[in-house]
Amino acid sequence: MQGILKKLIKNRAFLLLVLPGAAWFIIFAYLPMFGTIIAFKDFRIHPGGFFESVLKSEWVGFKNFEFLFSTDDAYIITRNTILYNVGLIMLGLVLAVTLAIIMNELLNKRLAKFYQTAMFMPYFLSWVIISYFVFSFLNVEKGVFNQLLVFFGEDPVSWYSETKFWPYFLIFLGLWKNAGYGSVVYLAAIAGIDRSYYEAAMIDGATKWNQIRFITLPMLKPLMIILTVLALGGIFRSDFGLFYQVPRDSGALYPVTNVIDTFVYRGLTIMGDTGMSTATGLYQSVVGLILVLLANYAVRKIEKDYAVF
Amino acid sequence: MNDLSKSMERTVLSAPGKKKTRDINAISPLWNFIFNVGVCLFALSCIFPFIFIIVISFTDEKTLALNGFSILPEVLSLDAYRFLMRSGEQMVQSLGVTLAVTVIGTVLTLYLVSTYAYAISRKNFDQRRFFSFLAFFTMLFSGGLVPGYIVVTQVLHLRDTLWALIFPSILNAFYIIVMRTFFTTTVPDAIIESAKIDGATEFGIYTRIVLPISLPGIATIGLFSTLGFWNDWFNALLYIDNPNLIPLQTLLIRIQNNMDFIVQNSSQVVSYDIAATLPTETVRMAMVVLATLPIALAYPFFQKYFIQGLTIGSVKE
């Protein structure tokens, strides 16, 4: 006991430094984790405050989960979340690596720098702003798409209520917004590859394509795996703004735009169903944790050095 | 480039009449052209929408109603901006909220992130493993939206206060990873050891030695944080009802379907007449332009700090 106290006193300067941040984590991250037990309760607000409300609310076991999984919603939001994320992760990886390799090969470096700056632009804008961009194309009466359709003699389309286009729109926008961000990391990694590999390969008569295939891609592999494992851990989470703000919360589009995050948000704000929303959030967090641990375990089995932790 | 490739460049490309030397391992001009066209089109698609919105905001409202959104409008007009100058109180109020939240939030973020990351970057901090875990576990597991919402509204009672826009976002594990990596890679242990021998305290070392040489790292986190607060609308969606506390991005959501919101807070009495002739579509786009312009103008200059943060953040330890 005295030993512990002595250690704490010895480290008091460091402890004082971490104190504000640690307090934040406890209040804004760990207290909500404790709060997830209301997923198993019928949450009622008690006058005694948060702890009393959480502890005194009646246990209902898995009723909130049963309620969630008894509807079609659970299937739809899980399917949408996973399919969109798999699409975004895979295509995003291909796009980022391709862009990085191409940009690295461009002869005019100043032009390449300009492209990079331009491609970074969407990353710095909020989904609210981008939803206005999208609106200028998709608005029924004034939008660019319908103007073009009418010009070519087609009937205008009511874009914000036609579900069949939205999977493509959402995937495109997700890729488009993050392409600049994604390619930067790989561009930096390519710049860090020892040039003598390429020179040796060239002397041996390797074509550019073979150099990319046998030097660049293998050298990028660890980074690709690490970033993909991390992304897979978030496969149950979605970029809320993309799925809520860009489709303008259009009810007709829910079948293809509703993901776990938007479902939880609407459950809380519109239906006020605290128990079921918490249960959905817990389902999201637990499956997400299992997935990242599994992905990391699998990578560790195959190639130990590539594991994230 | 090392000597070998330089000498090869010389021998191969010093043919008479050819002034430009070309790296013989470079792609052919044809492929260069094809790649340029491809990347250029994509890059243009990234900036075109913003230019389009600017043009729309300067379009005459009647022309717009007649012809739709167009990149080359027949009649230009400043009406949207004139309207905002005249009755843009709500816009100014929201801009004030956004600025206050961004400044206060970023200062607090820098304080929390730098202190925490510095402590866990030091090997002689006995509890560093525990506090590292405390931070990084939050990346793997979270309580979710609803319990967080309940904590903010019922434990801290922050609903309808500026703090509800600030506190939930002032810290995250990613910032700490970037900052810690920055400290461990740029602050040499030798400096700290010698300062200790000279009798400096841990606080003294942190404020007088570590912070000054870590300014680029601080700038990186500061920019991430500034951008995050400027672009945030989710916290306001959850916690704010009072129109006086609505940040710019959330104001843009409120006016999406209903332009009345912008005039209801105006000191002028707005008659139905004015409401009917309100240049709605162009005013919306003008507000989008004003909310985006600071970022669009500033980010090319700060880009390198972002790139630094991103590349540091993805370095595995």
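## Charges over rings

A charge sits over a ring if NZ of Lys or CZ of Arg is within 6 Å of the ring centre and within 35 degrees of the ring normal. In this predicted model, A:Arg248 provides one case: its charged end sits over the ring of A:Phe135, 3.9 Å from the ring centre. A:Lys177 provides another. It lies over the face of A:Trp127, at 5.1 Å from the centre of that ring.

## A pair within chain A

Aromatic rings also pair with each other. Over all chains, a search of the whole structure finds 55 aromatic pairs. One of them joins A:Tyr84 and A:Phe243. Their ring centres are 5.0 Å apart and their planes meet at 55°, so this pair is tilted.

A:Tyr84 belongs to helix H5 (residues 72-105) of chain A, and A:Phe243 to helix H12 (residues 240-244) of chain A. The pair therefore ties together parts that are 159 residues apart in sequence. A:Tyr84 is buried, with a relative accessible area of 6%. A:Phe243 is buried too, at 3%.

## A pair between chains

A:Phe137 and B:Phe52 have ring centres 5.8 Å apart. Their planes are at 55°, so this pair is tilted. The pair crosses between chains: A:Phe137 lies in helix H7 (residues 127-138) of chain A, and B:Phe52 in helix H2 (residues 29-57) of chain B. B:Phe52 counts as buried, at 1% relative accessibility.

## The cluster

Ring pairs link A:Phe137 and B:Phe52 into a cluster with other residues. Its members from chain A include A:Phe135, A:Phe145, A:Trp159, A:Tyr160, A:Phe165, A:Trp166 and A:Phe169. From chain B, B:Phe48 and B:Phe69 are among them. A:Phe135 is also the residue whose ring lies under the charged end of A:Arg248.

Technical notes: Residues numbered from 1 in each chain as written. Chains lettered and ligands numbered in written order. Predicted model: local features only at pLDDT ≥ 70, side-chain atom pairs only at ≥ 80, totals over all residues. Heavy atoms only, no water. Phe/Tyr/Trp six-rings, centres within 6.5 Å; stacked < 30°, edge-to-face > 60°. Helix = DSSP H or I, 4+ residues; strand = E, 2+ residues; numbered from the N terminus. Buried < 20%, exposed > 50% of the residue type's maximum accessible area, 1.4 Å probe, protein only.
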